[in-house]
Amino acid sequence: DSSDCLDEGPDPESKCRYETVSDYLEGVEWLKNNGFKIYGIVCDGLGGLFQALRQYRVQMCQFHQMMIVRRYLTSKPELPAANELLKISNLLTHTDKDSFIGLLNQWYDKWKDFIQERTTDNKTGKSSYTHKRLRSAYLSLQRNMYWLWTFYDYPELLIPNTNNALEGVF
């Protein structure tokens with residue numbers, strides 16, 4: 001949708017402000033209408049995209065997942081639990097599914113009480129998670145786990161585990 005893009009003239013390298021699910025669906029439809037057979041889709045973690053593309057094999061870009069975790073934790077976290085989770089996250093593109101899930105499960109068993117800690121605001125009396133960003137980083141990995149290993153579960157598709165090569169083209 002051109003309304004989402006900056007008005008930079010006819011330059012083919014004009015940048016869009018943001019991607020939408022409808023942009024992805026429009027692109028997939030264009031590919032299908034132009035004779036492409038879609039075996040799988042590699043994409044970032046745009047909200048609602050996995051559900052919208054559920055009729056295809058979808059691989060979430062493992063690099064994007066690592067960057068999501070890094071945004072929550074920073075590149076040099078101070079908490080030991082965050083440091084360990086970041087190290088596990090950084091293994092995502094360098095290990096197999098069972099090893100990664102095993103490491104993540106071990107991390108959770110070790111730190112589950114820590115990420116469940118709550119702090120009560122003395123003024124309002126409301127409680128919230130004490131380590132929100134750490135918890136969000138972990139939950140992001142858990143929530144996206146199904147789509148992080150499509151390339152591994154369906155090797156016959158020959159799809160990559162990241163969309164880095166694609167990002168370089170477009």
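Buried here means under 20% relative accessible area. By that cut-off W111 is buried, and so is F114. Keep it in mind for this tour of a predicted model.

**Stop 1: helix α6**

Select residues 132-148, which make up helix α6. The helix has 17 residues and reaches 23 Å from its first C-alpha to its last. That is close to the 24 Å expected at 1.5 Å a residue.

Now centre on Q142. A kink of about 30 degrees in α6 is centred there.

Colour the buried residues of α6 next. They are L134, R135, A137, Y138, S140, L141, N144, M145 and L148. Several of them return at later stops.

**Stop 2: M145**

Stay in α6 and pick M145. M145 counts as buried because its relative accessibility is 12%. Show its contacts beyond four places in sequence: M145 touches F100, I101 and L104. M145 and Q65 are 80 residues apart in sequence, yet their C-alpha atoms are 9.7 Å apart in space.

**Stop 3**

Move to L134, one of the buried residues of α6. Leaving aside neighbours within four places in sequence, L134 is in contact with L73, A81, A82, L85, W107, F114 and I115.

**Stop 4: S89**

Go to helix α4 and select S89. Is S89 buried or exposed? At 0% relative accessibility, S89 counts as buried.

**Stop 5**

Jump to Y72 in helix α3. Y72 counts as partly exposed, with 29% relative accessibility. Beyond four places in sequence, Y72 is in contact with R133, S136, A137 and S140. Draw a distance from Y72 to S136. These two are 64 residues apart along the chain, and 7.1 Å separates their C-alpha atoms.

**Stop 6: aromatic rings**

Show the side chains of Phe, Tyr and Trp. The model has 10 aromatic pairs, counting ring centres within 6.5 Å.

Start with Y108 and Y138. Their ring centres are 5.0 Å apart and their planes lie at 15 degrees, so the pair is stacked. Y108 lies in helix α5 (residues 97-116) and Y138 in helix α6, so the pair ties together parts that are 30 residues apart in sequence. How do the two partners compare in exposure? Y108 counts as partly exposed at 24% relative accessibility, whereas Y138 is buried at 6%.

Next, take W111 and F114. Their ring centres are 5.5 Å apart and their planes stand at 65 degrees, so this pair is edge-to-face. W111 and F114 are 3 residues apart in helix α5, about one helical turn. Both are buried.

Then select F100, W149, F151 and Y152. These four form one aromatic cluster.

**Stop 7: two arginines over one ring**

Centre on the ring of Y129. R118 lies over its face, at 4.4 Å from the ring centre. R135 lies over the face of Y129 too, at 3.5 Å from the ring centre. R135 is among the buried residues of α6.

**Stop 8**

Most residues other than glycine have a negative phi.

Pick T74 first. Its phi is near 75 degrees, a positive value in a residue other than glycine. T74 sits in the loop between α3 (62-73) and α4 (80-90). T74 is partly exposed, with a relative accessible area of 43%.

Finish at L158. Where is L158? It lies in the loop between α7 (150-153) and α8 (164-169). L158 has a positive phi of about 55 degrees although it is not a glycine. Its relative accessible area is 76%, so L158 is exposed.

Conventions
Residues numbered from 1 in each chain as written. Predicted model: local features only at pLDDT ≥ 70, side-chain atom pairs only at ≥ 80, totals over all residues. Heavy atoms only, no water. Helix = DSSP H or I, 4+ residues; strand = E, 2+ residues; numbered from the N terminus. Buried < 20%, exposed > 50% of the residue type's maximum accessible area, 1.4 Å probe, protein only. Contact = heavy atoms within 4.5 Å. Phe/Tyr/Trp six-rings, centres within 6.5 Å; stacked < 30°, edge-to-face > 60°. Lys NZ or Arg CZ within 6 Å of the ring centre and 35° of its normal. Expected span 1.5 Å × (residues − 1). Bend = angle between axes of the 7 residues up to and from the residue.
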